[in-house]
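Me: I would like to go through this model label by label, asking each time what the label rests on. Please set each value against its cut-off before you conclude.

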Amino acid sequence: MSAATVPAPVLEVEGLEKRFAGFVAVDGVSLTVAPGEIVGLIGANGAGKTTLLHTVYGRHRADAGSVRFLGEDVGALAPRDRARRGMGLVFQTTSIFPTLSVEENLRLGAMPKSGRASLGDADAIERTLVTIDLVAERAVAADDLAHGQQQWLEIGMALLAEPTLLFLDEPTSGMTRAESRRTAELIRGLRAERPDRSVIVVEHNIEFIAMISDRVIVMHRGTVIADGPIDAVRADPEVQASYLGRRG
C-alpha cells in the first residue's frame, strides 16, 4: 500500500505529560491509533494507563504534549466538546441510572446526539439492545441486572452517541469468565458493526486483551515500553520483567 492510500490516524498523541503534585503519572507518551483499530493498553497498577486515557479524553488537563483527534488539535477542548466530535468514554465504575429500565437508560444515552430522547432514536436503540445482548431485559431496572450486564448497558449508552473512538476503562473488572468472554465478543462486534470505529481498552487481564486487540501498548511508570502485536509484546524482556513478573 502506498503512503498516499494509508488512512490518517484517528488519534495522534505526541509527548503527552500529566503530573500530580510533582508526581509524573504520564511521562512523554506518544502513540497513534488507526481507523477501525482495537488497541489494548496494559500495565501494572500505577503504570499510568487510566490517567493517560482520561488526559486524552480531556478529564485531566495535560501539562505538556498534544492530542489530535481526526486531524484536529483538541488539547484546549473540554470533555463534552471532545465527545461531540466523536470520542466516547466508558468508566470502570458504571454510571447508569439504577431505577430506570434498560431502554430508558439507552434513551438517555441517545440524548447528547439528538438533544432529546425522541421516538426517532427507536431504530438505534433497537440495534443497540441487540449489540449489548439485552433485548430480553429492555424493561428491567438497571439495578436488577447482573454486573456484566450493567457494564454492557454502559457501553450501549456510549454507543448511542455514535463515537468514532471509544475508550473502555477496565471493562471486565469484577466480571465472571463467561461475562468476560461475552464482553470480548461485544467489543469485536463493534468493528463489524462500524468498520471505521476505533477502540482503546485499558485492562490488567492480558488474556482478555489477547482475545480482542490488533495491537497492544504496554505502560510502565508513565511511559510506553512496548507497542506491537500481542505475541511480540509477551516476548519482550522488559515487559516480562515489569509487567508479567518474569525475569531472565
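Reply: Contact means heavy atoms within 4.5 Å, and under that rule Ser-198 touches Val-10, Val-33, Ala-34, Pro-35, Gly-36, Glu-37, Thr-164, Leu-165 and Leu-166, not counting residues up to four places away in sequence. This is a predicted model, in which local features need pLDDT of at least 70 and side-chain atom pairs count only at pLDDT 80 or more, while totals for chains, interfaces and linings use all residues. Residues are numbered from 1 along each chain as its sequence is written, and side-chain values use heavy atoms, with hydrogens and water left out.

Me: Why is Ser-198 called buried?

Reply: Buried means under 20% relative accessible area, exposed means over 50%, and partly exposed is what lies in between, with a 1.4 Å probe and protein chains only. Ser-198 has 0% relative accessibility and therefore counts as buried. Ser-198 lies in strand S8, residues 198-203, where helices (H or I, at least four residues) and strands (E, at least two) are DSSP runs numbered from the N terminus.

Me: Which label does Arg-19 receive for its accessibility, and what does its side chain meet?

Reply: With a relative accessible area of 37%, Arg-19 is partly exposed, and it lies in strand S1, residues 11-20. Its side chain makes a polar contact with the side chain of Glu-17 at 2.6 Å. Leaving aside neighbours within four places in sequence, Arg-19 is in contact with Val-24, Ala-25 and Asp-63. Arg-19 and His-60 are 41 residues apart in sequence and 9.7 Å apart in space, C-alpha to C-alpha.

Me: Why is helix H1 described as largely enclosed by the rest of the structure?

Reply: Eight of the nine residues of H1 (residues 49-57) are buried, so the helix is largely enclosed by the rest of the structure. The buried residues are Lys-49, Thr-51, Leu-52, Leu-53, His-54, Thr-55, Val-56 and Tyr-57. Gly-58 follows H1 and has a positive phi, near 100°.

Me: How do you know that H5 is roughly parallel to H6?

Reply: Axes are lines fitted to C-alpha atoms, for helices over the stretch in contact, and angles run from 0 to 180 degrees between N-to-C directions. The axes of helix H5 (residues 147-159) and helix H6 (residues 177-193) come within 10 Å and cross at roughly 15°. That makes H5 roughly parallel to H6, given that angles under 35 degrees count as roughly parallel, over 145 as roughly antiparallel, 65 to 115 as roughly perpendicular and the rest as oblique. The contact is made by His-147, Gly-148, Trp-152, Ile-155 and Leu-159 of H5 and by Glu-179, Arg-182, Thr-183, Leu-186 and Leu-190 of H6.

Me: What makes the phi of Leu-70 and that of Arg-221 worth a remark?

Reply: Most residues other than glycine have a negative phi, and most peptide bonds are trans. Leu-70 has a positive phi, near 55°, and its place is in the loop between strand S4 (64-69) and strand S5 (72-73). The phi of Arg-221 is also positive, near 55°, and Arg-221 is found in the loop between strand S9 (215-220) and strand S10 (223-228). Leu-70 is partly exposed, with a relative accessible area of 45%, whereas Arg-221, with 68%, is exposed.

Me: Why is Ala-76 called exposed, and which residues does it touch?

Reply: The relative accessible area of Ala-76 is 69%, so Ala-76 is exposed. The residue sits in the loop between S5 and helix H2 (79-85), and it touches Arg-61 and Arg-82, not counting residues up to four places away in sequence. The C-alpha atoms of Ala-76 and Gly-36, 40 residues apart along the chain, are separated by 25 Å.

Notes:
A polar contact is a pair of N or O atoms within 3.5 Å; within protein, one must be able to donate a hydrogen and the other to accept it, and residues adjacent in sequence count only if both atoms are side-chain atoms.
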